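Trainee: Pick one kind of side-chain contact and take me through it closely. Keep it brisk, please.

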Amino acid sequence: MIRRVLYYSFHASELAHIFQMKNEFSQFKPSKYRLTELSQDRDDRDYCYEALKKVSRSFAVVIQQLPKELQDPVCLFYLILRGLDTVEDDMNIPNDTKEALLLSFADRMNNEEFVLENVGDTQDYQDLMLHFDIIIREYQKLDSAYKEVITEITKEMAIGMNKYAHKNVESYNDWDDYCYYVAGLVGIGLSKLFLASKLETSSKLESNDLSNEMGLFLQKTNITRDFAEDLEMGRIFWPEASWKNKATNLKELQSSEPKGLAALNEVVINALNHVPACLDYLHCLQNEKVFRFCAIPQLMAIATLQELYNNPKVLHENVKIRKGKTAKYFMSIKGYDRTKKEFITILKKMEKKDKTGQIASILTKINL
Ligand code: MG
């Protein structure tokens, strides 16, 4: 506690940001009742936002940054993909059944009675699946342009999930491909929803490459950070190419700091290679609210990578960025120029520790 107080007396501005953010967050506390106890007359739309808070509080907060007309499409896009992922993650479903269920999931969005009982690893996910008919009814109310995007992405993601049910992520190319299915497609879908709203018009959003890299950057950051947590479950999501030439097994990778750090720094730098594309993407956004929605997670991701880089703690625990820093980024993202400046400041700090020169070359790809 004392350390905390001292810390914030030197970082007073961060403390102010925390209070500001707490206010913003407090509106999004999940309510006390369980979703299974919902009364019949409760509005379906409210249910969707309540469900969103339960399955991802941080996303429920970020979505509030979006213009009103995009909130429902993005909320439902997220919930439907969450539903798909809940099926994928449930290890009690036999493989054949799961494969068929994933592939038919998008079509089931036309069945307003579709629900799944006893599917999901936690109560919140089970509730989501048990009330999926509500989500489908709300989805059905969307403009057809939004619906088309959501079903198209859901279909393709299901194909990727089935592909990686039988395949390991060996090379860095596999890593890109795997992340394309689980996250790049989310970026591509979001861009298409922005375009469908007509709030964004840049032809660069139609280029799937930039949108894909936005997703890859976030996903690779999470995968890198979650090393210790995933290893507890007996597997990691780093590509085998990052560690198999360094250690004979994951336990050795974890216990040998030089080997562990070598692999860690490799995956961090691989992720950083997406930064120029992410900045390109952010640069072409016209709507200030859409910009904030996109820029906040990106800035959090690079701040996380800065924290992870060359940090032996990553091998044993889930390293997070300080609350104050998170709050500072959350509140201070205003426009492209300031955001880009933050990215460059962070990269320059990391560059000082990088003996390979790779971060320096990433910096040269950013138009300074
Ligand atoms: Mg999954």
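**Salt bridges, pair by pair**

Mentor: Start with K220 and D176, whose side chains meet in a salt bridge at 2.5 Å, N to O. The pair links distant parts of the chain: K220 sits in helix α11 (residues 208-225) and D176 in helix α10, 44 residues apart. The model is predicted, so local features need pLDDT of at least 70 and side-chain atom pairs count only at pLDDT 80 or more, while totals for chains, interfaces and linings use all residues. Residues are numbered from 1 along each chain as its sequence is written, and side-chain values use heavy atoms, with hydrogens and water left out.

Now the terms. A salt bridge here is a side-chain nitrogen of Lys or Arg within 4 Å of a carboxyl oxygen of Asp or Glu. Helices are DSSP runs (H or I, at least four residues), numbered from the N terminus. Buried means under 20% relative accessible area, exposed over 50%, and partly exposed in between (1.4 Å probe, protein chains only).

Back to the first pair. K220 is buried, because its relative accessibility is 1%. D176 has 28%, so it counts as partly exposed.

Next comes D177. Its side chain forms a salt bridge with that of K163, at 2.8 Å, N to O. D177 lies in helix α10 (residues 172-197) and K163 in helix α9, so this pair ties together parts 14 residues apart in sequence. D177 is partly exposed, at 23% relative accessible area. K163 is partly exposed too, with 34%.

The side chains of K155 and D107 meet in a salt bridge at 3.9 Å, N to O. K155 lies in helix α9 (residues 144-165), and D107 lies in the loop between α6 (95-104) and α7 (123-130), so the pair ties together parts that are 48 residues apart in sequence. K155 counts as partly exposed, with 42% relative accessibility. D107 is partly exposed as well, at 46%.

Why can such pairs form? Side chains of opposite charge can pair when their charged atoms come close.

Pairs can also join up. D44, D133 and R137 are linked in a network of salt bridges. In total, the rule gives 18 salt bridges.

The magnesium ion has D85 (OD), E88 (OE) and D89 (OD) as its protein donors, lying 2.1 to 2.3 Å from it. Donors are N, O and S atoms within 2.8 Å of the metal (3.2 Å for Na, K and Ca); water is not among the atoms, so sites may look incomplete. Along the chain, the donors of the magnesium ion follow the spacing D-x2-E-D. D89 is partly exposed, with a relative accessible area of 34%.

Technical notes. Helix = DSSP H or I, 4+ residues; strand = E, 2+ residues; numbered from the N terminus.
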